[in-house]
Amino acid sequence: MNLVQGFCRPARKTPPHARAGRTRFMQCRGTEGGCAAPWGCGPLAQRLLAWHEAPWEEVHKQMKIREIMTTDLVTTAPSTPVTQAARLMRDADIGDVLVRDGGQLVGILTDRDIACRVVADGLDANQVSVGDFMSRDLFTGMPDWDVNNASDLMAEQQIRRLPILENGQLVGIV
């Protein structure tokens, strides 16, 4: 199986799992003989095939955070009720909401934060705000970082999400 067989990109209709700039790659037959996936193969499959054929170190030095980050961000204010933040996550099919106050990133609230800090403690999610339960100590990255620098930081700090800032402004998340 060549690498193209495992990767497709939505071209016509956007399926629910491709909302918010995220794409779940579906099985296809590749570009030879036509694609079996309903939305066809895209340029991402071709790039992945080219990266697959290059040495591992070279691929990761070439890839920048800008190429893999999600730019369709869902943000909210610290005063937002947790219930509303959970609805934002559900509607966008994501697991986190970035919290901004006055245009500045001040925290992140994840679905796990809601489950462990709000629901497990028996609190009323309508009565508590995002600011009370968000993670405030954030590690952030920059769009021009190499992917392996970011993955090293994420592994070292044991974090799953890395907000990306450019000139102090939020531009994406990995």
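**Pocket, hairpin and helix in a predicted model**

Me: Which element gives the largest share of the lining of the second largest pocket?

Reply: Strand E3 (104-110) and helix H5 (111-119) each supply at least two residues of the lining. The largest share is 5 residues, and the element that supplies it is H5.

Me: Which residue of E3 stands opposite Asp-96?

Reply: Strand E2 (residues 96-101) pairs with E3 in the antiparallel sense, over 6 bridges. Of the 7 residues of E3, 5 are buried, so the strand is largely enclosed by the rest of the structure. Opposite Asp-96 stands Thr-110.

Me: Which residue takes a positive phi in the hairpin of E2 and E3?

Reply: This hairpin has 2 residues between the strands. A positive phi, near 65°, is taken by Gly-102.

Me: Within what arc do the buried residues of H7 fall?

Reply: In helix H7 (residues 147-157), the buried residues are Val-147, Ala-150, Leu-153 and Met-154. Seen down the helix axis, they line one face, because they fall within an arc of 130°.

Me: Which residues are exposed on the other side of H7?

Reply: Exposed means over 50% relative accessible area. On that other side of H7, the exposed residues are Ala-155 and Glu-156.

Technical notes. Residues numbered from 1 in each chain as written. Predicted model: local features only at pLDDT ≥ 70, side-chain atom pairs only at ≥ 80, totals over all residues. Heavy atoms only, no water. Buried < 20%, exposed > 50% of the residue type's maximum accessible area, 1.4 Å probe, protein only. Helix = DSSP H or I, 4+ residues; strand = E, 2+ residues; numbered from the N terminus. Arc of directions from axis to C-beta. Pairing = 2+ DSSP bridges.
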